[in-house]
Amino acid sequence: MLKRLPNLKVVQHPFKKRILHVQSPFQNSKSVPIQKVVNNAKLEPETELRRNVPYVIEDQNYRYKEGKIYHGFQCERIESIPDYGLMSCTLRHLGTGTEFWYLDRNDVHNVFSINFRTTPFDSTGLPHILEHITLCGSKNYPVRDPFFKMLNRSVATFMNAMTGPDYTLYPFSSMNEVDFRNLQKIYLDAVFRPNLLHLDFLQEGWRLEHEDLHNRDSDIVFKGVVYNEMIGALSDNARLFKHKMVNHILPSHTYGHIAAGDPLEIPKLTHKDLVEFHRKYYHPSNARIFCYGSFDLEKTLAFVDKEYLSHYEFIDNAYSYVSPHERWSEPRIVHVPTRLDCMGASIDRQNQIAIGLLTCDITDIQECFELKVLSELMIRGPNSAFYKSLIEPNFSGGYITGAGFTPNCKDTFFFVGLRDLRIDDFERFNDLYDQTVHKASQEGFESEHIESVLCNLELSLKHENEMFGKHLLYKTAIPWNHGGDVVSCLRDSNMLATLRGRLKENSNYFQQKIEKYFLDNTHKLTLTMSPDEMCEIKRKLSEAKLLLQKLNEISDEEYDNIYENGIKLEVAQKSPENIEVLPCLSINDVKDPIKCPQMEETTVQNVPTQFCKVSSNGITYFNCFFNITGLSQDDAMLVPLFCHVISEMGTSNHDFREFDRLRLTKMATFTCDTKVVENVLDGKSYRLGLIMTTHALDKNVSDMFELCEELMLNFKFENTSRLSMLIENYISKLSLKIGSSGHLFAMLNSSGLVTNAAKLKSQLAGVCHIDLMKEYVQQNSIEDIQDRLRNIGAMVFSKNNLRVAINSSAAHQATVLEHYERFLNKLPTLEKSIDNTELHLLEPSTRHFIMNKPLSYCAKSFSAVPYVHEDHPVLRVLAKFLTAKYLLPVVREQNGAYGAGARIGFDGLFSFYSYRDPHARNTIEVFDKTYEWLQSESYKLDQQALFEAKLGVLQLLDWPTGPGDIGMDNFVLGASYDIYSRYRSRVLNVTVDDVRAVIEKYFKEEPKHFGKCILGPEIEENETSEGVEITS
Ligand SMILES: [Zn+2]
């Protein structure tokens, strides 16, 4: 299922991929003359030890100097990080001690984040609820949900807040400096001067309220955004398992609790606790500020100091330290009951088991790096020890989600486990685990295997995605949170060189690590999880008990107030706010489109080929699109499986282990995916494609093409037991993602009820695909499946079906072309099959997929217009307007869903959706009543609201793109730069009248072709109403 996700992501951000020239970091570092000066004069002894002296470089000409004070911040360290082409400046605020880390890089995509160490001592979800309420208005910006409101007043590429087990982060990114400054103001005010109103506590945290707000006689229930969010989050078994692993392997101190909140504990939290926690933990002395990019640092420092930090005194933040966990002298075993997943494996196989081992301290950066490599050697791919012993015997659904080295807390840990196995097999797992560890400690690893893992690591360091600054923030936030030397986290090449040196000196190096962390480690947890059919009933009982207890505790007066408070909250939620206090960009800030990529479209040996010159950081990206529209419906259904197994089976010249090792040494993984593409010009036809992408270092390009050729010409499905195992793991993974991306699944399904093309998408990647696959595997022998996969392979890999896109640096293009031509020479030319299929519309219908989950995901889709139609940009602006002014206030703020929105995609389908929704039926009604709302609230569509909606669209249109993704809209969807720029200027020119016209045209009457879908628990009313197809 993981391989299917890119498909789904496209649904999430249909217009995400765009063009941006990120300058190569190496060009940048070359242009800065660096003079090495070892500078360790004013270091404290402890820092000195950590600091890798030969790599501390001070550039004499660099604009900031160690020791100098800039707006109340003293610069402590300046270092050059050649791996990432950046300068690192570590500063400290003199008054409060706040650490400020600036990564100076010639990248216009700037990032800013305020981080706090928040260490809860219970599971009331305090830090998480605080994170929500912080965003309910502050001194300068007394507006609810300023982030949601800013979504449409900004061109931010990222705005979020997140709570981890011991930290809370408030990051954002933007490529526009005016916008960056605006957001900085809002973020800083939100965290340092939030209003923390009691009413917001009730809304975001928890409250007692009548089920029907306006009916005093209706039942009293618990409500609250985080309360509901956590019921939803913990109903996801994979997520629950990860939480439990942390809670039980680090049971004392802060990690023994669920920082995000256990719904049965949340109602123990008081507003007073929350205000007190904020005062203490959101103090600047307990904060760290991260800043990345090319915007003026001094402006930021001056603002942060003058407006906020200079108003505080230093406090000792020792209260938030986390000390290393005391090591156990005996291993432990814990069992957790969980809910039955009705989309998952059969009930007797829905058990999970894992063994966790506490490893090193998160601030031991080199050790963490080496453990990550060791973890790769132990668990990743067919050459690894655990893969051979645990996965290949095929008695489970594969590794448990997230298995491997886990550097997320003060003490890091490693865990390995299996999902979807029988309870009888727990013992077998334990035996195999012991045997594997013993064997690995005695025999070690083959040197070619180690080398392939290290080569792949080098490649991944060079590969740059569009969110580079954010990537660096995430990479370093946790060690930094515990006082680790974060600058060394960025010295990957040095860490790699150190490791290579150690391996050379000591051939038993990794064996000794296995002894230390696996064999002799008594801090070992065995965690098991099994479904309990009574789980949901028990949860409801505990909830009822808690409710009763709460009601007994309160006075008569408080009881009477429940009704009034509910009304008060509703009034507050519905009352108009003055969002004009929030800053907003102007049209001048966004009038320029992104630059046209340097692209050339040509044919090479009759294969349409697109070349893009990019700053690729020494990497060549290779993308193949095989048009497979001609496949029969039955064959098409098997293509997702084909994609999953094709590069895992080996070839006629190399068995699967050797092939994997060769691949790992020379290139990135083969990402293989199906893609249904509607014609963006007329929306009258569609194509089915198989996309295969990969990349390699420029020096390995010839090997990359040779391995592609080997795979396409000599693929093999002969190994029956391996194929069976891969198929079972594939099916086991399918249902995993519904929990976190349920709204995407709901939209895939509602869209699939509207056109035959969308139906195909839903069959290939939606909820239906899970059943289709289960059924298919039951009804067909493995030999039949082998035959079918072979046939598919023989039909797919043909020059006649192929289009190619290659992104590389200008300098390397000639070499790439040479190898590419050699590759094409070998590829067969089969008879050309059909190019596209006619698109047609389906009869309206509604589907409800019953899932054993407490909350729902709803969607409604209808057919609007093709992408290039002049109404499409207007509808897109309208979708943003509806999201901001209608769906978020009603479905999220009033009805308690975690999220909601509307969108229109490249496929021309307009969709509504909700996320983790407690009131599915109301929500569908909200979707249906859009036109009525637009009529009664038509005054809300004013110039400002229109402009905000446009900004929301521009954000997506101008989304940054990593070097490997430049030009992909043109290549995959046929949306050229011309189409993009015309579309963009139409968005800028949309008027209120245009929007009113599309409202009349597309919303006044119920559309002729629509689909509705609910994924979630049973709803009585639906059972009886006609026309709802229920799948359980
Ligand atoms: Zn939350």
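1. Strand β11, which spans residues 287-293, is mostly covered in this predicted model: seven of its seven residues are buried. Two strands pair with β11. Strand β4 (residues 99-104) runs in the parallel sense to β11, and the pairing extends over six bridges. Within this pairing, F100 stands opposite I289 of β11. Strand β5 (residues 110-117) also pairs with β11 over six bridges, but in the antiparallel sense. Here S113 is the residue that stands opposite F290 of β11. As a general point for reading such a sheet, side chains in a regular strand alternate between its two faces.

2. The zinc site deserves attention next. Which protein atoms are the donors of the zinc ion? They are NE2 of H128, NE2 of H132 and two OE entries from E229, lying 2.1 to 2.6 Å from the ion. In sequence, the donor residues follow the spacing H-x3-H-x96-E. H128 and H132 both belong to helix α4 (residues 126-134), and because they are four residues apart there, about one helical turn separates them. Both histidines are covered: H128 is buried at a relative accessible area of 5%, and H132 is buried at 8%.

3. The angles among the four donor atoms of the zinc ion range from 54 to 150 degrees, and the site is irregular. For four tetrahedral donors, the ideal angle at a metal is 109.5 degrees. The site is not classed as tetrahedral because that class requires all angles to lie between 85 and 135 degrees, whereas the angles here reach from 54 to 150 degrees.

4. Y867 counts as buried at 0% relative accessibility, and F906 is buried with a relative accessible area of 9%.

5. Rings also take part in other arrangements. Ring pairs connect F116, Y170, F192, Y282, F303, Y308 and Y312 into a cluster. Charged groups are placed over rings as well: R332 lies over the face of W328, 4.1 Å from the ring centre, and the charged end of R722 sits over the ring of F656, at 3.9 Å from its centre.

6. How many disulfides does the structure hold? The number is zero. A disulfide is a covalent bond between the sulfur atoms of two cysteines. C89 illustrates the point, because its closest cysteine sulfur, in C75, is 5.5 Å away, too far for a bond. The sulfur of C1013 is likewise too far for a bond, since the closest cysteine sulfur, in C858, lies 8.3 Å from it. C89 is buried, with a relative accessible area of 1%, and C1013 is buried at 0%.

Methods
Residues numbered from 1 in each chain as written. Predicted model: local features only at pLDDT ≥ 70, side-chain atom pairs only at ≥ 80, totals over all residues. Heavy atoms only, no water. Donors = N, O, S within 2.8 Å, 3.2 Å for Na, K, Ca; no water. Tetrahedral: all angles 85-135°; square planar, octahedral: opposite > 155°, others 65-115°. Buried < 20%, exposed > 50% of the residue type's maximum accessible area, 1.4 Å probe, protein only. Pairing = 2+ DSSP bridges. Phe/Tyr/Trp six-rings, centres within 6.5 Å; stacked < 30°, edge-to-face > 60°. Lys NZ or Arg CZ within 6 Å of the ring centre and 35° of its normal. Disulfide = S-S within 2.5 Å.
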